[in-house]
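Take a look at the structure below.

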Amino acid sequence: MLIWFRAPTLAILPDDKFVTRQTVVSNMAASSNAKGTQLEDMEEDAGIKEEMDSDEEEGMKVESSEDDEDDLSEDDKENEAEIQRLEEQLSINVFDYNCHLDLIKLLRQEGELSRLRRARQKMSELFPLTEEIWLEWLKDEIRLTEEESNREKIYELFEKAVKDYICPDIWLEYAQYSIGGMGSPAGLEKVRSIFERALTAVGLHMTKGSTVWDAYREFENVMLSSVQPPAGSVPTPEEQGKHNTQLERIHTLFRRQLAIPFMDLEATYGEYEEWSDRGVPETLTCQYKKALQQLAKSRPFEETLLVAEPPKIAEYQAYIEYELKEGDPARIQIIFERALAENCLVPDMWAKYNNYLDRQLKIKDLVLPAHERAVRNCPWTMGLWKCYLLALERHGAEHDIVKDVFEKALEAGFIQATDYVEIWQVYLDYLRRRVDFCKESSKELEELRAAFSRALDYLKQDVEERFSESGDPSCTIMQIWAKIEAHHCKNIQKARELWDSIMTKGNAKFANMWLEYYNLERAYGDAHHCRKALHRAVQCSSDYPEHVCEVLLTFERVEGSLEDWDAAVQKTDTRLGRLKEQQAKVAEKEANQAVQKEGKVEQQRKAKADKKSQKKGPPGGKAGGDKRKAAPADHQAWDEDAERAPKRHKGAGDEGAEEDMEMEMGLFGRRTPAARTKGPPGAKKPQQQASTPASASASSTKAKQDEKPELRNDNNSVFISNLAYTLAEPEQKLKALFECCGPVDQVRPVFSKAGVFKGYGYIQFESKASVPAALKLDRQEVEGRPMFVSPCVDKNTNPDFKVFKYNSAIEKHKVFISGLPFSCTKPQLEELCKSHGTVKDVRLVTYRSGKPKGLAYVEFADEAQASHAVLKLDGTVVDDNQISVSISNPPRKNLKDQGGFGGSMSTSMPRQVYGSRGRGRTQVSLLPRSLQRPSGAVAKAENGTALTDQDQEFKKPAKPLSNSDFAKMLFKK
């Protein structure tokens, strides 16, 4: 039903009838030829009316075909059952937003107009409605309202709609509907009043505000046509005056619009140049240029909003910060309203907007509606209700209104018990400020005392029942009540009763609570009760008894007699003596625990040393049977080492996988024969055969693998590692895991000599096309550990092959987060970061065992979003952990520390080759000094690294060295 005032004629909809510009002119001028024009228009409108009615009836599901009556009756029964189910659901939980939407949708399909109206009204009472829901509701009500007397109900509905959100389309619909009532008394003034209100509300909207201005000008152009005298006639002075007044209205609208920056401002200026018969004034040109300058500053923000994806919070926040610096209240208000229309469920956005209105504008008609909308959108946020109550008091709202808002706050359903304590404190503070304490008794004072009593009962019953705690362990509300009774009401007896109740709620062991009570008695009571309070404090307090004893002695020095002093000294000495005994017992217990701990550490050290000596064996070693007996112990030690997360050597790629690969493929990639070692002398072969089922399985698997080595195809295979050594039946499980990638030809898990799975192996597919799908399973969790999947490449034939490496350069679109709790998951981190920009990827850093390190990388869409996330998230607390956020800038790897054979050689000496378990514990170099490269005169290399002459020899292509070559190098002087 929205109209666009761009055509030369104006489409106006009074009571579902379209009328052309000539009809408006005839109504206003009452010319003699109006009847013919009206007849033509009515004929034209009849066709439009038929089309419109058919569309409406189709949309409301009113018409039905006779052939489909049976199907429709079944659908009606199903829909009616669903409607009843939704109504029952709402009777249980009236705040189910989606349930309201589904019910309205079904009722609209069924054409249940009365029930539909009630459902919409009920939802509007609980929630602000979106622009789409309001437009749909208004369209239905306008269609059903034909009598002129019912127009006021539609006006009331429009008034509710424009209060929920600032929506240009709803204001356009409102103005359009008001045009249909121009025939009523003061109808023209009402139309202009609605247009002016629309300009005030949305006239500064940079992208949609121009449509309201254009509609207003087109309406005034129609009015201009109605006051023009007939062609060929001489206008009277009265007619000429009306014509000039209407022309001035249009000129004024153009001047006002051209002073505001809009996205399509140039077209409006060109339209004014074409329309005006007296040119463009110089002052208007200056205003237009200023508006263009303002538009140039705001255009980047508008373009960013156009391309950004919802919810656009970061983009709107940047726009708001810019407008706050500019300081134009009207523009600040409209950008806040635009942001809230798209992010109505963000409490921080509402809080920021309300804070600005409270501190800067301080206009009641703007402040209070904004607070009301905030709590309707985010009722679970206590801070918004708190600000609302303060704003009501600040602007002098009636007591019944404040009380009603507070009662709604208690029913809002806060998420923690302390929220209820705080909202009660705000309301009690408001009631206290209403009391005139000069009077001994008043209605307001009784209401305050009743409110304190109700607050205590509410926290004890309702809040404790829901949260299992009152939210006020230190009895803050009771302390405030006691101070009010003692200070304002001079009722110290009531204050003492309240403090007795406070101490019985588990607060007697805290010294600070006793000192609070003592200070109250000191200010409003007498010395007797002060002394009594301090004596009880010395006896009961357990956190700071020394301080309480000191306060008691100080009090007696100032106030007490000799008998009082003696009693205080005896009391404190007894208490401090018991305290020293307790401290001595605690110290003795801690010392015993320390001794026991040291004994355990010593036992562990000895056990570790004995185990190490057993593994090394006696010097010289024994042949045959003794060595055979030590094998199980060695095997157990290797299994224990394998269970631990192996340390990763510095270098590129997954070196753990490379080391595991060496165990099967040989040191330099050559495949080792299946049986290349002989058993030790004296070993009994029957013992070897009767080992474990795992060893038998391993032997059979190896035999199968070595029967036809020519069937192995690395191009069709992937290498898997980091699996658990305890994985049962690895061949069957791995085959089932990788069958989703394609037909599996072979599964080759690698076993130790004892038949124990070593945590890695090979998967060979029938087709090479299955390999990319298998590589996507990298890091998938298998029995609690991330499985590594990498290409199966023989490094002997492909020495230049590089496995995947994370980027080591600065990544401005990515942030690095440290200090995360180990329980943080990827969805939780994504939820934390998505409010600051578009999150493209989240990677949690883990150990090889899959345990988290508390580190993560989050990739955003661009550098601006990443920088904004750093500013907002750095230093925030996540599950009691303060996180650190910075732009991702990984440290560069030091080439001389890189392990493996893929790295470049050191500039001082050739790379040493370590075994599959890395370098040994000894750091003594076993390379002869004559083979070491001394640092001498250096030469400049191509990449800036200093190289000696001997180092430059290593730059030459390496060739195999014979035994004689090594001998020459060894004896070279």
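Two strands count as paired if DSSP finds at least two bridges between them. Keep that in mind for the sheet. The model is predicted.

Five strands form an open sheet. Their order is S2-S3-S1-S5-S4, and the pairing is antiparallel. Strand S2 (744-751) and strand S4 (780-782) stand at the edges. Each has a single partner strand, so one side of each is left without a neighbour in the sheet. From one strand to the next, the twist averages 30°.

S2 is joined to strand S3 (residues 757-765) by six bridges. The two strands run antiparallel. Here Val744 stands opposite Phe765 in S3. In general, strands of a sheet pair through backbone hydrogen bonds, either parallel or antiparallel.

A helix lies across this sheet. Helix H32 (residues 730-738) lies across strand S1 (717-721), S2, S3, S4 and strand S5 (785-791). H32 runs at about 140° to S2.

Next come the cavities. The count comes to five cavities of 30 Å³ or more. The largest cavity has a volume of about 50 Å³. Which residues line the largest cavity? They are Leu820, Pro821, Phe822, Cys824, Leu844, Val845, Pro852, Gly854 and Leu855. Eight of the lining residues are nonpolar, one is polar and none is charged. Strand S7 (839-846) and strand S8 (852-860) each supply at least two residues of this lining. S8 gives the most, with three residues.

Some loops hold backbone details. Start with the loop between helix H13 (282-307) and helix H14 (313-326), where Pro311 lies. The peptide bond from Pro310 to Pro311 is cis, with omega near 10°.

Move on to Ser468. This residue is found in the loop between helix H21 (443-467) and helix H22 (476-487). Is Ser468 buried or exposed? Exposed means over 50% relative accessible area. Ser468 has 68% relative accessibility, so Ser468 counts as exposed.

Asp879 is the last stop. Asp879 lies in the loop between strand S9 (877-878) and strand S10 (881-882). Asp879 has a positive phi of about 50°, although it is not a glycine. With a relative accessible area of 53%, Asp879 is exposed.

Note on methods: Residues are numbered from 1 along each chain as its sequence is written. This is a predicted model: local features need pLDDT of at least 70, side-chain atom pairs count only at pLDDT 80 or more; totals for chains, interfaces and linings use all residues. Side-chain values use heavy atoms; hydrogens and water are left out. On a 1 Å grid over the protein atoms alone, a cavity is a set of points where a 1.4 Å probe fits but cannot get out, and a pocket is an open set with protein on both sides within 12 Å along at least five of seven lines; lining residues have an atom within 4 Å of a point. Grid points are joined across faces, edges and corners, and a volume is the space filled by probe spheres set on the points. Helices (H or I, at least four residues) and strands (E, at least two) are DSSP runs, numbered from the N terminus. Ala, Val, Leu, Ile, Met, Phe, Trp, Tyr, Cys and Pro count as nonpolar, Asp, Glu, Lys and Arg as charged, and the others, Gly among them, as polar. Axes are lines fitted to C-alpha atoms, for helices over the stretch in contact, and angles run from 0 to 180 degrees between N-to-C directions. Contact means heavy atoms within 4.5 Å. Buried means under 20% relative accessible area, exposed over 50%, partly exposed in between (1.4 Å probe, protein chains only).
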